[in-house]
Amino acid sequence: MAEIVNNINLELHGASSKKAKENNNSLPVSKTITGTFNLSGSPMFSATLVSEATKFSLGCDEPTALGGRGVQPSPLTYILYGIMACYGSTLAAECAEEGLELKDLKIRGTLNYDLGAVVTDVKSPIIKGLKLEVLSGTELKEQIKKAWPKCPAVYAIQNPIPTEIVQASE
């Protein structure tokens, strides 16, 4: 039976580490999602997401300030949630690898942004800042530092990602 620490399967985590080391420290993954912008009603955008075990549907709306219905979470809410979830998992794994069993772990995230550039022609940064706060009864300063550069979502927001937007056919 696999050892599970902090809800991290150390056997699977270790197998991925071994596989990456055998491949010049590389473990490539690609994720594709196709979603639909709904031209009326809520949610404004929806997609079926697929995990290794199941499928589920997500929907989102723009906030009313951007002309949306504000019923479903906004795209930026999902971004913040994704960053928080990814960092929480990365931190839990870092702790598990060190043999540190956590009693509790919460992540509080705050994303500050200015929608002025979205609704006007002004050219200014939209996202002003992101703050993640780790809440735990365990002292985690060193693990927080170690987990930060390992988190894919944090990496994605701190480093330019080559981005291409093109019209494609179905």
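Arg108 and Glu133 form a salt bridge, with their closest N and O atoms 3.0 Å apart. A salt bridge here is a side-chain nitrogen of Lys or Arg within 4 Å of a carboxyl oxygen of Asp or Glu. Because Arg108 lies in strand 6 and Glu133 in strand 7 (residues 127-135), the pair ties together parts that are 25 residues apart in sequence. Helices (H or I, at least four residues) and strands (E, at least two) are DSSP runs, numbered from the N terminus. Arg108 is partly exposed at 41% relative accessibility, and Glu133 is partly exposed with a relative accessible area of 24%. The terms are set by relative accessible area: buried means under 20%, exposed over 50%, and partly exposed in between (1.4 Å probe, protein chains only).

This is a predicted model, in which local features need pLDDT of at least 70 and side-chain atom pairs count only at pLDDT 80 or more, while totals for chains, interfaces and linings use all residues. Residues are numbered from 1 along each chain as its sequence is written, and side-chain values use heavy atoms, with hydrogens and water left out.

## Salt bridges

The structure holds four salt bridges. The table lists three of them, including the pair described above.

| Pair | N to O distance | Relative accessible area |
|---|---|---|
| Arg108 and Glu133 | 3.0 Å | Arg108 41%, Glu133 24% |
| Lys150 and Glu94 | 2.7 Å | Lys150 47%, Glu94 6% |
| Glu142 and Lys145 | 3.8 Å | Glu142 47%, Lys145 59% |

The salt bridge between Lys150 and Glu94 links distant parts of the chain: Lys150 is in the loop between helix 4 (141-147) and helix 5, Glu94 is in helix 2, and the two are 56 residues apart. Lys150 counts as partly exposed, whereas Glu94 is buried. The side chains of these two residues are also joined by a polar contact of 2.7 Å. A polar contact is a pair of N or O atoms within 3.5 Å; within protein, one must be able to donate a hydrogen and the other to accept it, and residues adjacent in sequence count only if both atoms are side-chain atoms.

Lys150 is one of several residues that Glu94 touches; leaving out residues up to four places away in sequence, the list is Gln143, Lys146, Ala147 and Lys150. Contact means heavy atoms within 4.5 Å.

Glu142 and Lys145 both lie in helix 4, three residues apart, which is about one turn of the helix. Glu142 is partly exposed, and Lys145 is exposed.

## The nonpolar cores

A nonpolar core is a set of buried Ala, Val, Leu, Ile, Met, Phe, Trp, Tyr and Cys residues joined through side-chain atoms within 4.5 Å. The largest one has 16 residues, and those with the most contacts inside it are Tyr87, Leu91, Leu132 and Cys151. Helix 2 (75-97), strand 6 (106-113) and helix 5 (152-158) each supply at least two of its residues. The largest share, seven residues, comes from helix 2.

Leaving aside neighbours within four places in sequence, Cys151 is in contact with Cys86, Tyr87 and Thr90. Apart from this core lies another, of five residues, among them Val5, Ile8, Ala92 and Ala96. In soluble globular proteins, nonpolar side chains tend to be buried together.

## The aromatic pair

A search of the whole structure finds one aromatic pair. Tyr87 and Trp148 form this pair, which is edge-to-face, with 5.6 Å centre to centre and 65 degrees between the planes. Rings of Phe, Tyr and Trp (its six-membered ring) pair if their centres lie within 6.5 Å; planes under 30 degrees apart count as stacked, over 60 as edge-to-face and the rest as tilted. Tyr87 lies in helix 2 and Trp148 in the loop between helix 4 and helix 5, so the pair ties together parts that are 61 residues apart in sequence. Tyr87 is buried at 1% relative accessible area, while Trp148 is partly exposed at 32%.

## Paired strands

Two strands pair if DSSP finds at least two bridges between them. Strand 3 (residues 35-37) and strand 4 run antiparallel and are joined by three bridges. In this pairing Thr36 stands opposite Ser46 in strand 4. Strand 4 (residues 45-50) also pairs with strand 5 (residues 55-60) in the antiparallel sense, over six bridges. Here Ala47 stands opposite Leu58 in strand 5. A hairpin of four residues joins strand 4 to strand 5.
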